[in-house]
Amino acid sequence: MSSVQEFFEGLPGRVSADRIEGMNNTYAFEIEGAGAWTVAIADGAITVTDGVGEADCTFSASEESFAKIVAGEQNPTTAYMTGKLKIKGDMGAAMKLQKIF
């Protein structure tokens, strides 16, 4: 994976519908040094838009920390506990995201 932007652009094609079945949540990602994206999950589909829109939950991280999380080199829970990943909003919705990564 070469960039955070490519991660978000490719997200809809990488997640199978059965993994997000029944999910109906919107997530905002503010990645310092890379940009911001809103990821909406509804009806077994993922929609990614540039910028931060209304969301159930907002994740904030540095580009380096986020890249490690999506590469599987950093546990998201550990990142949160050590302050490398900040989460605002619905923690229940945040926990559901583990199905995707």
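Start by selecting Phe 8 and Phe 66: is each of them buried or exposed? Phe 8 is buried, and Phe 66 is buried too. Keep in mind as you look around that this is a predicted model.

**Stop 1: the rings around Phe 8**

Stay with those two rings. Their centres are 5.4 Å apart and their planes sit at 10°, so Phe 8 and Phe 66 count as a stacked pair. Phe 8 belongs to helix α1 and Phe 66 to helix α2, so the pair ties together parts that are 58 residues apart in sequence.

Like Phe 8, Phe 29 is buried. The structure holds 8 aromatic pairs, and Phe 8 with Phe 29 is one of them: a tilted pair, 5.1 Å centre to centre, with 55° between the planes. This pair also links distant parts of the chain, with Phe 8 in helix α1 and Phe 29 in strand β1, 21 residues apart.

**Stop 2: the core**

Which residues have the most contacts inside the largest nonpolar core? They are Phe 8, Tyr 27, Phe 29, Ile 41 and Phe 59, in a core of 26 residues. Colour by element next: those giving two or more residues to this core are α1 (4-14), β1 (25-32), β2 (35-42), β4, α2, β5 (85-89) and α4 (91-96). The largest share, 4 residues, comes from α1. As a bit of background, nonpolar side chains tend to be buried together in soluble globular proteins.

Click on Phe 59 and show what surrounds it. Setting aside neighbours within four places in sequence, Phe 59 is in contact with Tyr 27, Ala 28, Phe 29, Glu 30, Leu 85, Lys 86, Ile 87, Ala 94 and Leu 97.

**Stop 3: strand β4**

Slide over to Thr 58, which is found in strand β4 (residues 57-62). Thr 58 has 15% relative accessibility, so it counts as buried. Not counting residues up to four places away in sequence, Thr 58 touches Ala 28, Glu 30, Lys 86, Ile 87 and Lys 88.

**Stop 4: helix α2**

Pick Ile 69 in helix α2 (residues 63-70). Because its relative accessibility is 11%, Ile 69 counts as buried. Leaving out residues up to four places away in sequence, Ile 69 touches Gln 74, Pro 76, Ala 79 and Leu 85. Try the distance tool here: Ile 69 and Gly 53 are 16 residues apart in sequence and 22 Å apart in space, C-alpha to C-alpha.

How many salt bridges does a search of the whole structure find? It finds 1. Select Lys 68 and Glu 64 to see it, with the closest N and O atoms 3.5 Å apart. Both residues lie in helix α2, 4 residues apart, which is about one turn of the helix. Lys 68 is partly exposed at 34% relative accessibility, while Glu 64 is exposed, with a relative accessible area of 55%.

Met 81 sits in helix α3 (residues 76-81) and is exposed, with a relative accessible area of 64%.

Key: Residues numbered from 1 in each chain as written. Predicted model: local features only at pLDDT ≥ 70, side-chain atom pairs only at ≥ 80, totals over all residues. Heavy atoms only, no water. Buried < 20%, exposed > 50% of the residue type's maximum accessible area, 1.4 Å probe, protein only. Contact = heavy atoms within 4.5 Å. Core = buried A, V, L, I, M, F, W, Y, C linked by side-chain atoms within 4.5 Å. Phe/Tyr/Trp six-rings, centres within 6.5 Å; stacked < 30°, edge-to-face > 60°. Salt bridge = Lys/Arg side-chain N within 4 Å of Asp/Glu carboxyl O.
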